Amino acid sequence: MVRDRRWLRRARWVPGQGVLGAVRACVSGLLLTAMPAEAEEERSITVLSWGGAYEEAQRETWFDPFTEATGIEVRVERYSGGLRELRSEADSEHAPWDVVDLTMSDALAACEEGLIQRLDPGMLRPGPEGTPPRRDFLDGALTECAIAHTVFATVVAYDRTAFPGRRPTAIGDLFDRERFPGPRALQRAPTANLEWALLSYNVPLEELYELLSTRRGLRLAFRRLASLGDAVRWWDAPEEPARLLADGEVVMASGYNGRFFDVMVNEDAPIEILWDAQIREFETWAIPRNAEHPDAARAFIRFATRSDRLAAFARHLPYGPARHSAAEQVTTHATTGIDMRLHIPTHPLNSRRAVRKDESWYASVHDRINERFNAWLAEWKERTAEAASESAE
Amino acid sequence: MGSISSVLLLALLGAAVGGVASLLSLGFVWVVHWLNDVFLISPRSRMLFRPADWLMVVTIAVPAVGGLIVGVLHRFIPERRPHSPADVITAVQTRRGRLPARAGILSACSGLVSLGCGASVGQYGPLVHMGASFGSLFARFLQAGRSADNIAIAAGVAAVIATAFNAPLAGIVFAHEVVLRHYALRAFAPVAAAGIMGHVLADAVLERDALFHVAETGVPHVWEFGAFLVIGALGAVVAGAYIHAILGAGRLARRLPVPALVRPAVAGAALGVAALWVPDILGMGQETLRLATIAGAFSGPELVLVLVLKVLATALCIGMGFGGGVFSPALVVGTLFGALCGTVIGLVTDGQGATLAVYAICGMVAVTAPVIGAPITSLLIVFELTGNYVLAMAAMASIALANPIGAQLFGRSLFDIQMRNNGLDLSAGRSRAMLQDLGIAPHLSHHCVVLAPETPLAEAVTRMSHAGHGEGYLVDGGQRYCGTVTLARLTAASEDGAAERPVREYIDPDRPLLPRDASVWDAMGELQQFAGEAIAVVEDTASRRFLGVIYEAALTRAYMEKTEELRREEHGSG
């Protein structure tokens with residue numbers, strides 16, 4: 001009521017602006033159901049997303065239904081995270097994408113750098129029972145420039161046939177080459193690796209990032225990573241670790257829970273997930289600053305973050321919906337019929353020792369920590385090469 | 001029935017005090033954390049802060065400005081210093097109670113600012129004082145007696161420790177072991193109620209993991225218990241060095257040509273400069289404490305360096321007048337010391353011993369228990385925070401020697417040394433301390449025969465006989481006390497024919513004399529030397545201005561009353 005009256009007052013005092021605003025609101029409102037004349041060139045939008053099973057599920061539950069509802073076609077381009085793409089297009093007249101699927105930490109950094117537009121959570125649909133978005137979305141899901149849609153976890157998965165008679169139960173086992181011998185696949189990035197390395201010393205979760213911020217904590221983490229020696233296979237593309245694990249190339253691998261789930265269900269691979277110290281993160285929607293079709297992009301985000309759409313997505317991939325009303329609707333897997341509630345990272349069974357990724361920490365130290373990691377990696381390569389040539393001699 | 005309802009009322013008092021004290025301490029801890037984030041003391045906030053060049057400036061400026069604020073705050077406290085647990089113990093042990101509200105609030109603020117700005121001080125001291133002050137204030141509000149006041153103070157202390165450590169047993173035992181120094185059943189119920197309130201609230205509000213994670217310690221070898229004992233003995237020496245560094249820095253600070261107002265600021269700036277190289281010494285040192293329990297976080301020489309610097313930083317901060325406790329820094333120092341011992345033993349035995357964390361914890365209790373004079377509390381803290389029986393046994397081995405050796409070396413605790421310096425010596429027990437604290441002024445009597453020195457013997461004899469007193473006190477025209485005469489001696493002399501001689505020629509030698517501010521204990525000491533009716537009391541020994549006398553019977557009555565009061569408090573059950 002208050003807001004309405006304020007809007008009226010503003011309309012009276014500055015009639016031009018008020019009318020313009022009303023027209024604009026009507027246009028974006030109409031976008032969902034009918035195509036207004038000015039949207040002739042908005043027949044399609046381009047989404048930058050991650051590919052793989054993830055993209056397939058997105059197409060089935062979000063992209064195609066959106067096209068069906070609005071007539072706007074959704075084209076998809078792929079990337080593997082980071083801000084390189086956004087930065088390289090930052091100065092061109094129009095970015096090649098209208099919507100970007102960003103991790104929360106990338107979104108925070110991009111917002112800071114002004115690479116993406118501000119988004120008003122008021123544009124989102126309320127929950128099925130009229131719950132306002134601010135209450136329906138999980139804590140921390142709504143930020144200045146990005147709106148979280150799902151919760152995914154970076155986890156360690158292992159080949160359950162690799163260690164007869166025992167199985168890893170704690171994150172420390174990732175670094176225990178004596179009890180769990182064999183190669184491991186880890187992401188060529190500091191994220192998750194540093195957290196797990198430090199957690200393997202049994203430090204409490206709530207002190208994790210405080211300790212990672214100290215010289216000594218960081219040194220301990222790198223030392224733990226180094227203790228893996230030549231047993232590491234570094235991966236870059238997110239589909240790699242599940243593949244390596246399914247093919248028996250490694251015995252343990254870090255990766256996104258969705259990717260592992262995909263090979264577990266679709267290939268019946270003997271893979272199990274070690275939920276201990278899962279690193280939970282939001283996946284968000286954002287619109288590049290220089291997007292060509294920002295209105296259509298907003299309409300898409302509004303559509304794709306509806307409770308029913310998020311719940312539908314969780315029937316394909318084990319991604320926890322970022323809003324409470326949707327999480328309650330999660331049911332079974334679309335094709336195999338297994339209970340998906342047990343596979344989403346937010347289930348109580350799986351989240352006993354979940355790390356909530358410190359997004360603002362990463363947003364701020366992103367470049368510094370990458371630099372440090374790459375320097376360490378170069379050193380590691382040198383050392384393992386030396387060790388290899390020594391053992392060859 | 002009456003006594004049961006009084007027990008229940010006391011328990012209710014304890015619960016009420018405990019509930020509020022617990023909430024206060026939760027708020028205190030929260031504000032300290034928040035300030036540490038805002039003022040770039042916590043490692044995370046320091047890591048996120050850009051541009052890095054400014055971090056240097058901030059690191060020096062924040063403790064310096066904090067010090068200035070603390071200096072200003074202390075000007076409004078009558079004693080010009082923050083109050084500490086020693087003041088709480090003094091109030092309880094002398095049964096004075098009645099902790100002042102103003103000093104309590106200002107001391108808590110001083111602690112908040114000091115901790116928030118990264119001074120190397122502890123949070124438990126200010127917390128204990130805050131809980132105690134609230135308890136005392138609440139008892140006064142209810143117009144309760146001194147006993148209830150003392151119990152309310154203990155309840156506040158128990159709740160605060162129970163909350164801040166999330167260790168209710170340690171809180172309850174600390175209140176008895178350090179503050180009350182007795183285990184009367186009458187006090188136990190309210191103190192326990194307060195501890196439980198603290199635990200419940202801490203559980204409901206704080207989502208906190210145990211202070212230490214020690215995974216799979218295994219059972220230490222038999223020889224390792226020997227090592228734990230030795231660590232205990234050495235830990236007492238480290239504790240002694242720590243205590244003397246703090247006291248010495250305080251003495252040194254008073255001699256510095258720097259006004260008290262800016263002393264903390266100078267210390268803060270010096271701390272900031274040192275922290276540029278060794279950031280581990282900044283603040284309470286929670287991260288340092290954690291890292292010290294992990295093998296490899298510090299090399300041997302680094303452990304020594306950080307240990308020495310932490311002792312010096314704490315001595316500097318507290319000695320120069322920052323408000324704050326000595327417990328948290330002692331935890332850090334002790335843990336570093338234990339890690340050092342563990343590292344050495346690991347080198348000598350080629351890694352045969354237990355994990356480093358076990359040694360770190362043994363070192364921690366070996367240093368902290370003598371500093372605060374609380375062996376059982378320290379043991380319980382380890383037990384409650386780790387839930388590990390093996391570890392508790394290892395800690396007990398260390399404490400077993402640490403406290404007795406510490407007591408021999410320097411005293412029961414830092415608090416006891418501070419109290420002794422302020423004139424309250426509890427080393428000979430509480431009854432003596434209480435009698436020392438009890439002034440003779442209330443027992444002063446004016447019912448005595450006062451004679452001018454020139455009075456003739458015969459007249460003096462007549463006056464004394466009529467008054468029914470065996471003694472007379474000679475006071476000259478300037479109200480100066482000149483000596484005491486006895487009726488027996490005067491009568492004998494007058495019968496010998498000296499009836500006209502002035503009485504001043506017959507003064508009894510070796511008569512004791514008490515200044516007005518003497519304690520009952522002093523008076524009792526004088527009583528042992530002579531057999532007479534009463535002791536003359538003067539304004540001070542220099543002016544010898546006569547005030548009255550104090551009768552032996554009055555002293556004995558005061559002594560009996562005090563002893564009975566203590567007996568009721570310490571051994572009463574209702």
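Two strands are taken to pair if DSSP finds at least two bridges between them.

**View 1. Parallel pairing of strand 1 and strand 2 of chain B in the predicted model.** Strand 1 of chain B and strand 2 (residues 471–475) of chain B run in the parallel sense and are joined over three bridges. Within this part of the model, L451(B) lies opposite L474(B) of strand 2 of chain B.

**View 2. The open sheet of chain B.** Three strands make up the sheet, in the order 1-2-3, with mixed pairing. Its edges are formed by strand 1 (449–451) and strand 3 (481–486) of chain B; each has a single partner strand, so one side of each is left without a neighbour in the sheet. From one strand to the next, the twist averages 30°.

**View 3. Helices against the sheet of chain B.** Helix 20 (residues 457–467) of chain B packs on the sheet and touches strand 1, strand 2 and strand 3 of chain B. The direction of helix 20 of chain B makes about 165° with that of strand 1 of chain B. Helix 21 (residues 487–498) of chain B lies across strand 2 and strand 3 of chain B, at about 75° to strand 3 of chain B.

**View 4. The contact between chain A and chain B.** Here 19 residues of chain A are in contact with 17 residues of chain B. On the side of chain A that touches chain B, the elements giving two or more residues are helix 8 (208–212), helix 9 (215–226) and helix 15 (359–392) of chain A. Helix 9 of chain A provides the largest share of this side, four residues. By residue class, the side of chain A that touches chain B comprises nine nonpolar, five polar and five charged residues.

Methods
Residues are numbered from 1 along each chain as its sequence is written. Chains are lettered from A and ligands numbered from 1 in the order in which they are written. This is a predicted model: local features need pLDDT of at least 70, side-chain atom pairs count only at pLDDT 80 or more; totals for chains, interfaces and linings use all residues. Axes are lines fitted to C-alpha atoms, for helices over the stretch in contact, and angles run from 0 to 180 degrees between N-to-C directions. Two residues are in contact if their C-beta atoms, placed from the backbone, lie within 7 Å. Ala, Val, Leu, Ile, Met, Phe, Trp, Tyr, Cys and Pro count as nonpolar, Asp, Glu, Lys and Arg as charged, and the others, Gly among them, as polar.
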